[in-house]
Amino acid sequence: MPRSAAEALEQDLIQILTPEGKRQSHSLYDAYLEDVDDDMLRDFYRDMAMTRRFDQEATALQRQGQLCLWVPLRGQEAAQIGSGRATRDGDYIFPTYREHGVALTRNVPFSEMLRLFRGISGGGWDPRENNFHMYTMVLAAQLPHAAGYAMAVNLEQHGWDEAKRAAEGEAVVAYFGDGSSTEGEAHESMVFANSFNAPVVYFCQNNQYAISVPFEVQSKVPLVSRAAGYGMPGIRVDGNDVLAVLAVTRWALEHARSGKGPVFIEAVTYRLGAHTTADDPTKYRMSEEEKLWAPKDPLVRLETYLRENDLVDDAFFEQLAQDADEMAATVRRDAMAFPVPPLAKSFEQVYAEAHPLVQEELAWHLEYEAGFADQAADGEK
Amino acid sequence: MTTTMTLAKAITSGLDAVLENNDRALLMGEDIGRLGGVYRITDGLIDKYGSHRVIDSPLGEAGIVGTAVGMALRGHSPLVEIQFDGFVFPAFNQITTQLAKMHARSEGRLNVPVVIRIPYGGGIGSIEHHSESPEALFVHTAGLRVITPSNAHDAYWMIQQAAECKDPVIYLEPKRRYWLKGEVDTEAPALDAFKAQVVRPGEDATIVAYGPLVPVALAAAEAAREDGRSVEVIDLRSLSPIDFDTILESVQKTGRLIVAHEAPTFGGLGGEIAARVSERAFLSLEAPVLRVGGFHMPYPISKVESQYLPDIDKLLEALDRSFAY
């Protein structure tokens, strides 16, 4: 008999690949992994490795003064690749600002993701092309958007039978973290989504820290236990296990799509690096703690499994490292080549329809700037 | 066709027309379904359009506006109701950091045509947080449009224009004028929602007002006539953008300007209008632009609100000061 809610949930942590790289079977979720063949397993590893290499390159670019800021995700690759690979093209994703791995699964080019961080754009990519929304900097503000988007999906799919929903139904994945789980908008979003049976999968990456504040300050109980209070299923999954994450997210999306309402997933993971490039984890956590999580690294775990089952050889990793370096070089080249849009462009984007004040200020701005051109011309004479 | 109706009923009819003409439009808010809203503005619409288009939401303003943003991203046109001016602040984050900026952040790719209806203003003898005028906060936020009707005809048309606008629109309803009756021409082409209107022509001074104070300004102008002063009254109608051309044209004629609003004068729209007019019509001015508005205090208890609110006497006093300058 479990002595506490936390202990009971610890027993319920869904895990397919153990930290030692052993595959376990699961009575419910094995059915959601039947199509996962050797190629897919290698592809998952490749996705995670490419994401990590991109993250490393972006961190370097920030250190070299080429990005305003970077938000590393090292340690969270399995949670992101596993959940992202569970989605269908028609599903709409609302990320936080750290979902670089999910972006890869949605075919958003890595270099495009740097526009925001390079100060070139307030967004960076066209959300409509890949159904992958812009990053949201204000914590949890994207969660009510996800509920509303899914409420609208419900309106459009009204009257669909189960077969049509399963085949063509759309769903929404709302990403957030342990920190943003405490925001009021997380709460309101979950109330709305549950009251209207909206097809949202709330995917929380509990990476144990809200910048410096440890998880215990955000919640006395595992976050998944909040799901019941809203009336939705809650799943606690090992977020460093790409197969377990894939399986539970597939289950959750199927549930949401079928019209049964939202699902809450808590993916237990660990932010191996800093919150952002402006952060310093040595001020708030012990290196011993980081050492405890290092063996649970999602890439190490899958590599062990792949090697022990002879699904890869050294050449696989050598080729992958080479491909990753080439990708990183391309990303760096693209990012450095982004043209800086003139401020005049920003005036055009404030309103969708003509606005006299903006037009007037633009005219003033252009005239003012043109004055410097005259001065420069005078100087040349 | 012209019909006499209250300002409240004109909004109801306008919303009815919006729902009738646009399949993608829907209403959402607290108590707006069966009850028809605390001011009954949506009365009867749930029966006509169903609970999927007239949605009784859970109680949560951030949720209401935030989900409306999500619906708009999916191609719908939500018109949401905030129950009272003082209750909009839980949604303030969604309005200012999300709704207002979505178009700009996406480099113009995404439109979020959300309309937020807010009953505002005082003079209704209510308890705290039910009588506020927060318009300057929204006007200060780029990306939002802010409009407010002062009569039934405008109320009917401007809500429809707000719904058709691709930008987010804050539609402020002068709640103490909900029962003000007026003629609504349901066929006449509407004046642009973002233009001001001269509602009383005059030669000697101009009063700019909007929403609940337009009838007060008209009454003050009538009283001033008895003193031999011809006062022009402009109904601003749109608070963002502001139609400065109409104001400047008037001031260039009259040389005197009073701006009146219930909101506190400090940091309010009156200051913005005064600054712009002094920049562009300085030499036309016979006197400094004067403001008549609320004091720098939380909206007062209702038993003394009449001393706080701009009224005819305060406007006449300001006119006296302007003419005495």
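## How chain A meets chain B

The contact between the chains takes 36 residues from chain A and 33 residues from chain B, where two residues are in contact if their C-beta atoms, placed from the backbone, lie within 7 Å. This is a predicted model, in which local features need pLDDT of at least 70, side-chain atom pairs count only at pLDDT 80 or more, and totals for chains, interfaces and linings use all residues. Residues are numbered from 1 along each chain as its sequence is written, while chains are lettered from A and ligands numbered from 1 in the order in which they are written.

**The chain A side of the contact**

- Helix 6 (127-130), helix 7, helix 9 (184-195) and helix 17 (356-380) of chain A each supply at least two residues to the side that touches chain B; helices here are DSSP runs (H or I, at least four residues), numbered from the N terminus.
- Helix 7 of chain A gives the largest share of that side, 10 residues.
- By class, the side of chain A that touches chain B has 19 nonpolar, 11 polar and six charged residues (Ala, Val, Leu, Ile, Met, Phe, Trp, Tyr, Cys and Pro count as nonpolar, Asp, Glu, Lys and Arg as charged, and the others, Gly among them, as polar).

**Helix 7 of chain A against helix 3 of chain B**

- The axes of helix 7 (residues 142-156) of chain A and helix 3 (residues 61-73) of chain B come within 6 Å and cross at roughly 55°; axes are lines fitted to C-alpha atoms, for helices over the stretch in contact, and angles run from 0 to 180 degrees between N-to-C directions.
- That angle makes helix 7 of chain A oblique to helix 3 of chain B (under 35 degrees counts as roughly parallel, over 145 as roughly antiparallel, 65 to 115 as roughly perpendicular and the rest as oblique).
- Among the residues making this contact are A:Pro144, A:Gly148 and A:Tyr149 of helix 7 of chain A, and B:Gly63, B:Gly66 and B:Gly70 of helix 3 of chain B.
- The contact of these two helices has 11 nonpolar, six polar and no charged residues.

**Helix 7 and helix 9 within chain A**

- The axes of helix 7 and helix 9 of chain A come within 8 Å and cross at roughly 15°.
- Helix 7 and helix 9 of chain A are therefore roughly parallel to each other.
- Residues of helix 7 of chain A including A:Leu143 and A:Ala150 meet residues of helix 9 of chain A including A:Glu185 and A:Phe192.
- This contact of helix 7 with helix 9 of chain A divides into eight nonpolar, one polar and two charged residues.
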